[in-house]
Amino acid sequence: VPAGGMPAVYRGYHCLVFPSEWPEPFALTPLEASAAGLVVAGTLTGGSGEFLREGDNALTWRAGQADDLTRVLTRLAAEPELGRMLASRAQAEVAQRFTLGVMLDAMESHLHATVGR
């Protein structure tokens, strides 16, 4: 699937399950899914822990804990409004914090501050 087609792919599902058990430096997949309006359920291992917040913009579980994952997915199935609310919050946060322009501005600001020291 070309990158431009991924939002449509994400929207074809109810939830992105991101079961990372190792500390990825920056988890792009949950951000992409959130940008497309898909609710994310994931572990807080590595970079995903910098974005996913339990009950605020996602549902989370402890890495390697299948019972926790079962609890999260059962909850999402039983509370569809919760999933919509989490997805909406995450989508707004991605638009505010993780667009290319916002991230480039932050890097440029950091570099100017560093050079100015």
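Buried means under 20% relative accessible area, exposed over 50%, and partly exposed in between, with a 1.4 Å probe and protein chains only. The model is predicted: local features need pLDDT of at least 70 and side-chain atom pairs count only at pLDDT 80 or more, whereas totals for chains, interfaces and linings use all residues. Residues are numbered from 1 along each chain as its sequence is written, and side-chain values use heavy atoms, with hydrogens and water left out.

**Exercise 1. State whether Ala-90 is buried or exposed, and identify what it touches.**

Step 1. Ala-90 belongs to helix α4; helices (H or I, at least four residues) and strands (E, at least two) are DSSP runs, numbered from the N terminus.

Step 2. The relative accessible area of Ala-90 is 0%, so this residue is buried.

Step 3. Contact means heavy atoms within 4.5 Å. When residues up to four places away in sequence are not counted, Ala-90 touches Ser-34, Phe-51 and Asn-57.

Step 4. Ser-34, in helix α2, is likewise buried because its relative accessible area is 0%. Beyond its neighbours within four places in sequence, the contacts of Ser-34 include Val-40, Phe-51, Ala-87 and Ala-90.

**Exercise 2. Determine which residues of the largest nonpolar core touch the most other members, and describe the surroundings of Leu-16.**

Step 1. A nonpolar core is a set of buried Ala, Val, Leu, Ile, Met, Phe, Trp, Tyr and Cys residues joined through side-chain atoms within 4.5 Å. In soluble globular proteins, nonpolar side chains tend to be buried together.

Step 2. The largest core has 15 residues, and Leu-16, Ala-33 and Phe-51 touch the most other members. At least two residues of this core come from each of β1 (15–18), α2 (28–35) and α4 (80–97). Another core, of 9 residues, lies apart from it, and includes Val-39 and Val-72.

Step 3. On β1, Leu-16 and Phe-18 form the covered face, while Cys-15 and Val-17 form the uncovered one. In a regular strand the side chains alternate between the two faces of the sheet.

Step 4. Two strands pair if DSSP finds at least two bridges between them; β1 and β2 (residues 39–43) run parallel and are joined by 4 bridges. The bridge partner of Leu-16 in β2 is Val-40.

Step 5. Leaving aside neighbours within four places in sequence, Leu-16 is in contact with residues including Thr-29, Ala-33 and Val-40.
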